[in-house]
Amino acid sequence: MPARPRGRPTIIDTDPGVDDALALMLALRAPELDVRLVSTVAGNVPLARATANAATVLDWIDPPARPLLARGHARPLRRRLRTATAVHGDDGLGGAAPLGRGPRGVPGDAVARIVALARQHAGDLLVVALGPLTNIAAAIEADRRAMRGIGRLVVMGGAIRAPGNVTAAAEFNFWVDPEAADRVLTAGLPTTLVPLDATHQIRLPRARLRDAAGRRPSGLAARVVAITRSLLDGRFRVDGMPLHDPLAVAVAIDPSLVSTERLAVRVETASTLCAGLSLADLRTGRTAAPTDVTVATGVDGERVLELLESRVLGRCARRAPTVVVVGSANTDLAVRVPHLPVPGETVHGASLETGFGGKGANQALAASAAGAPTAFLARLGSDERGDAYRAHLGRSGVEAITPGPGRGRAPPTGAALIVVGPDGANQIAVAPGANAALSPRDCRLLTGRLGPGRVLVTQLEVPLPTVEAALRLARAAGATTILNPAPAAPLPAAIAPLVDILVPNEVEAAALTGLGVADPREAAAAAEALVGRGFRQVAVTLGARGVVWSDGVRTRRIPGHAVAAVDTTGAGDTFVGELAAALAAGLALAQALARANAAAALAVTRPGAQVRVGRAAVDRLLAAGPGNRPTRARTRRHGAQGGDD
Ligand code: ADP
């Protein structure tokens, strides 16, 4: 396996707690974060319980590099401990914590370790505090300079304009240890506060949790369902899972998920009625102070939910992606006609069929169906079709990475108008919509997901600069890159050296080379010409006649399988998705091409662009068919006879 590119060194200070547990899962699953220390503190539950629960979550996730677990303060700085077991269950995990006494030998020096990491990593270090701020206040007390030098402290706590939750005035974390909260917020650390004002803007609806986890959830999703059950169905019957702590971790992963204000915030410690109240100075004309903190006020709720769903819930959450697809997603509007119309002709067909398409999505789904954990970066509109697409990707086990609309109105989800003739041949017109807004900047969301052994796939239904940025990022990370230059368009010279395998069809190969590509011999010549232009390897797909590939030294042909074609829409996409999955699984290129050729042949025997081709069916066809082995394909240029048609 490739070494996991490391994220930012991170400390999670926590008192699990159901939503803390979810937050910890999200942090441990985030490639953006490299969690080095999980420090526990008394809060939702007593310290020993919090520590046992943190250890349980670590066992459940079993991250490749296990962070250190350390115990911190067992009670607030000046007060007796008040817990929230009424909400989180006596065990803190909604009754789902394993029985037993918890882990042994957990060191009790959390505060010293926080300080040590602050000294070691300084501006790189992220600290996310999900419970009362007792440990963090103690760390500041121990070494204020080091703590001021950290990169960012994200605190879940307080209520700025919103009412409290545990009392009318106070939010729970601040109410448990107001002295610690006040010390931390006035200490001049680079702090982002995530108060109830922000966290109350999102909940994970029960139906969506079920949807994402699947009907028979297993693995981590089953744990999430178990720990949230009593909160969702028990005495409180809350309408959707509150996500206070997961939002704080989400903000640590991606600060753009929230909008913020800079405010001076103090915490009331003297009063009895208002203990723990967080008081922000909201006076106009106030001068900014160095101790001001950044306060999250607005939330891009949909993106937070997607982050949680894709990283923690759902089938796709189980393994890190090995195939990453950057590309388009369209609603397909298809009509079957007796013959394809010529220009100016109107042809009446059968009723309208609506489906999911877009070359990017088709390829992502094909890779996922082929068994590769797959992530898909795409833009979808904030419309019904976009919502339906998100749900579809979730159901199909593809991790959808869909950037939010940003400023201004989001363009609509892309759409394709497809006309299918009687022999399965098609004509397609596309309205790109949101696909045209997928930007090179969006590719940053792929950080941490690409590395040696992984495969990046992209096509030309999104802007060329985005295609180039994705290829560049993948190349820099050591991933294998596949470009499907579809639909045909001229490619800037800078692209070729970034591509390991170019996969055009006949039309695209002809357009790129200016050569005729009507048969395997001509396809071989085109493939060789493209290698001459800097592409490492080229595989030209030839519909029913299979595929021809060349790396400049060898040129081979894999004949097509004899199948009854019903609908060739998306044949090339199945080919590309299967090829990526096979390469990610470690197959050599010749074997991977043979699998792709077989899967694509199976795909054309069924209607639709997103046919899920089973692995067993591909195995069977490969065992039976002639298209299981590449043969030599000579080009006319070399003066020899062509392939084996
Ligand atoms: P695109 O869908 O991009 O036009 P092609 O038509 O070249 O791509 O098809 C891609 C692959 O799908 C082919 O290389 C082949 O493996 C398979 N394929 C397509 N049509 C058929 C068919 N009629 N019979 C068998 N295999 C097919």
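Before we select anything, a word on pairing: two strands count as paired if DSSP finds at least two bridges between them. Helices (H or I, at least four residues) and strands (E, at least two) are DSSP runs, numbered from the N terminus. This is a predicted model, so local features need pLDDT of at least 70 and side-chain atom pairs count only at pLDDT 80 or more, while totals for chains, interfaces and linings use all residues. Residues are numbered from 1 along each chain as its sequence is written, and side-chain values use heavy atoms, with hydrogens and water left out.

**Stop 1: the four-stranded sheet**

Select residues 330-336 and you have strand 14, which runs antiparallel to strand 15 and is joined to it by five bridges. For one partner pair, show Asn330 and look across to Gly357 in strand 15. Now bring in the rest: four strands form an open sheet in the order 15-14-18-19, with mixed pairing. Which strands stand at the edges? They are strand 15 (353-357) and strand 19 (426-431); each has a single partner strand, so one side of each lacks a neighbour in the sheet. Neighbouring strands here are turned by 25 degrees against each other on average, direction ignored. Axes, by the way, are lines fitted to C-alpha atoms, for helices over the stretch in contact, and angles run from 0 to 180 degrees between N-to-C directions.

**Stop 2**

Zoom in on strand 9 and strand 12 (residues 293-299), which pair in the antiparallel sense over six bridges. Pick Glu261 and find its bridge partner in strand 12, Val295.

**Stop 2: helix 1 against helix 12**

Select 18-29 and 244-253: helix 1 and helix 12 pack at an angle of about 20 degrees, their axes 7 Å apart. That makes helix 1 roughly parallel to helix 12 (angles under 35 degrees count as roughly parallel, over 145 as roughly antiparallel, 65 to 115 as roughly perpendicular and the rest as oblique).

**Stop 3: helix 17 against helix 18**

Now take 506-513 and 520-532. The axes of helix 17 and helix 18 come within 10 Å and cross at roughly 50 degrees, and the two helices are therefore oblique to each other. Ala509, Leu512 and Thr513 of helix 17 make the contact with Ala526, Ala529 and Leu530 of helix 18.

**Last stop: colour by confidence**

Colour by pLDDT, the predictor's confidence in each residue, from 0 to 100. The protein chain has a mean of 89, and 93% of its residues reach 70 or more. Residues 1-5 stay under 50, as do residues 635-645. Where pLDDT is low, the predicted coordinates should not be read in detail.

Methods. Contact = heavy atoms within 4.5 Å.
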